[in-house]
Amino acid sequence: MSKIISLREEIFSKINESLRHKTLILICGLSGSGKSVLLQRIAKYHDIDYIDEIFSDEKEFKDIIKKRKKDVLILDEVGMYEVKILELIRIYSDQMSFILSSHKKIDLFNKDYFKSRFETIFWLEKLNTQELQSIYPIKI
């Protein structure tokens, strides 16, 4: 198993550990780095809602919060969210856990009042062909 795949296993384990209490986790990485695959795997493992739609409406986002299966929500590509939705995530992070992904670190996340909320921030590097085959074996 490659070092990067092993690292992704460590991230998976660390996130699973962190979900025992309220937590805010950010996974950053360029397109193709495996963020979405990792989030989908965590969602399936814990039977957590995985959401990859882009929110701009506060009421719609609050409705999703109310309808969640558990006290954890996984949101993919939050870099596309409006600031007011990101602020809601920060506020709700006192009551529940969030696992977020973005292709970049959002400027708002660098502000002290937001930065202090994150338990962990991971940066994933892009997978190479061999690593992709480890995740998605090609059958001939």
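Predicted model: local features only at pLDDT ≥ 70, side-chain atom pairs only at ≥ 80, totals over all residues.
The protein chain contains six helices and five strands. Read from the N terminus, these elements follow the order α-β-α-β-α-β-α-β-α-β-α. Of the 140 residues in the chain, 44% count as buried. Among contacts with a separation of 6 or more, 75% are made by residues 24 or more positions apart. The accessible surface of the chain amounts to about 8,100 Å², and carbon and sulfur atoms contribute 51% of this area.

The loop between strand E1 (24-29) and H2 includes serine 33. Serine 33 is buried, its relative accessible area being 0%. A polar atom of the serine 33 side chain is placed 2.7 Å from the backbone oxygen of leucine 30.

Helix H2 spans residues 35-46, 12 residues in total. The distance from its first C-alpha to its last is 17 Å, close to the 16 Å expected at 1.5 Å a residue. Its buried residues are Lys35, Leu38, Leu39, Ile42 and Ala43. Viewed down the axis of H2, these buried residues fall within an arc of 135°, so they line one face of the helix. The spacing follows from helix geometry: an α-helix has 3.6 residues a turn, so residues three or four places apart point the same way. Lys44 and Tyr45 are exposed and sit on the face of H2 turned away from its buried side. Just after H2, aspartate 47 adopts a positive phi of about 55°.

Technical notes
Residues numbered from 1 in each chain as written. Heavy atoms only, no water. Helix = DSSP H or I, 4+ residues; strand = E, 2+ residues; numbered from the N terminus. Expected span 1.5 Å × (residues − 1). Buried < 20%, exposed > 50% of the residue type's maximum accessible area, 1.4 Å probe, protein only. Arc of directions from axis to C-beta. Polar contact = N/O pair within 3.5 Å; in protein donor to acceptor, adjacent residues only side chain to side chain. Contact = heavy atoms within 4.5 Å. Areas by Shrake-Rupley, 256 points an atom, 1.4 Å probe, with all protein chains shown as cover.
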